[in-house]
Amino acid sequence: MTYKIAQLTQENAMIIADEWHYPGKYSFYDMTADPEDYKEISTPSLRGTNYYQVLDNGKLVGFFMVEKVAEDKGLYEIGLGMKPELTGHGRGQKFLEAIIEYTLNKFSVKEIILDVAAFNVRAQKVYQKLGFKVIKEHQQETNNSVYPFLEMRKKFAD
């Protein structure tokens, strides 16, 4: 599979926001579960140029956002999501590899942070396979409550 990455279009942002619903405990990641996340992805001025779509043969398969944490240190955080029907089928590693490759080519990245819900062991395993290490556990406010998250990091340059 060859992924094409481009700026997230409004049409695809609304598909993600309104139509992507994850099964079971993963419904935690539905955009409709968190009013702030929904507003950010559905509003072009809030998305800015930080959001990207991932297409496979012209079909939307995922998205990600890239945010500078400390540009002078080359520290960036990536948040990502894969189309619900595609999750849990062993496609996560190639998907994340494409996102990382794109990010490394577009930005002056020295280190990437991935923040993942503590319950999402499936994603953590993918991240660990690609060399990300758990740095700390922290509490994060989202979905109208506070949940445990893991901050995972990987260095790409010094």
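Let me start with the β-α-β unit: strand S4, helix H4 and strand S5 form one, and its handedness is right-handed. A crossover is called right-handed if, with the strands pointing away from the viewer, the path from the first strand over the helix to the second runs clockwise. The elements are DSSP runs, numbered from the N terminus, with helices being H or I of at least four residues and strands being E of at least two.

A word on the source. This is a predicted model, in which local features need pLDDT of at least 70 and side-chain atom pairs count only at pLDDT 80 or more, while totals for chains, interfaces and linings use all residues. Residues are numbered from 1 along each chain as its sequence is written, and side-chain values use heavy atoms, with hydrogens and water left out.

Now the sheet. What is the strand order? The sheet is open, has seven strands with mixed pairing, and reads S1-S2-S3-S4-S5-S7-S6. Two strands pair if DSSP finds at least two bridges between them. Strand S1 (3-7) and strand S6 (133-142) are at the edges with a single partner strand each, so one side of each has no neighbour in the sheet. From one strand to the next, the twist averages 30°.

I will go through the pairs. S2 and S3 are antiparallel, with six bridges, and Val54 stands opposite Gly62 in S3. The hairpin of S2 and S3 has two residues between the strands, and Asn57 there takes a positive phi near 55°. Next, strand S3 (residues 59-70) pairs with strand S4 (residues 75-82) in the antiparallel sense over eight bridges. Gly62 comes up again here, opposite Met82 in S4, and Met65 is opposite Gly79 in S4.

S4 with strand S5 (residues 111-117) is a parallel pair over four bridges; Ile78 has Leu114 in S5 as its bridge partner. On from there, S5 and strand S7 (residues 145-155) run antiparallel and are joined by seven bridges, with Glu111 opposite Lys155 in S7.

Helices on the sheet next. H5 packs on the sheet and touches S4, S5, S6 and S7, contact meaning heavy atoms within 4.5 Å. The direction of H5 makes about 160° with that of S5. Helix H1 (residues 10-19) lies across strand S2 (51-56) and S3, at about 95° to S3. For these angles, axes are lines fitted to C-alpha atoms, for helices over the stretch in contact, and angles run from 0 to 180 degrees between N-to-C directions.

Last, helix against helix. Two packed helices are described by the angle between their axes and the distance between the axes. How do H1 and H2 cross, left-handed or right-handed? The crossing is left-handed, where left-handed means that the near helix is turned anticlockwise from the far one by less than a right angle, and right-handed means clockwise. The axes of H1 and helix H2 (residues 35-42) come within 9 Å and cross at roughly 160°. H1 and H2 are therefore roughly antiparallel to each other; the cut-offs are under 35 degrees for roughly parallel, over 145 for roughly antiparallel, 65 to 115 for roughly perpendicular, and oblique for the rest. Gln10, Ala13, Met14, Ile16, Ala17 and Asp18 in H1 meet Tyr38, Ile41 and Ser42 in H2. These contact residues divide into six nonpolar, two polar and one charged. Ala, Val, Leu, Ile, Met, Phe, Trp, Tyr, Cys and Pro count as nonpolar, Asp, Glu, Lys and Arg as charged, and the others, Gly among them, as polar.
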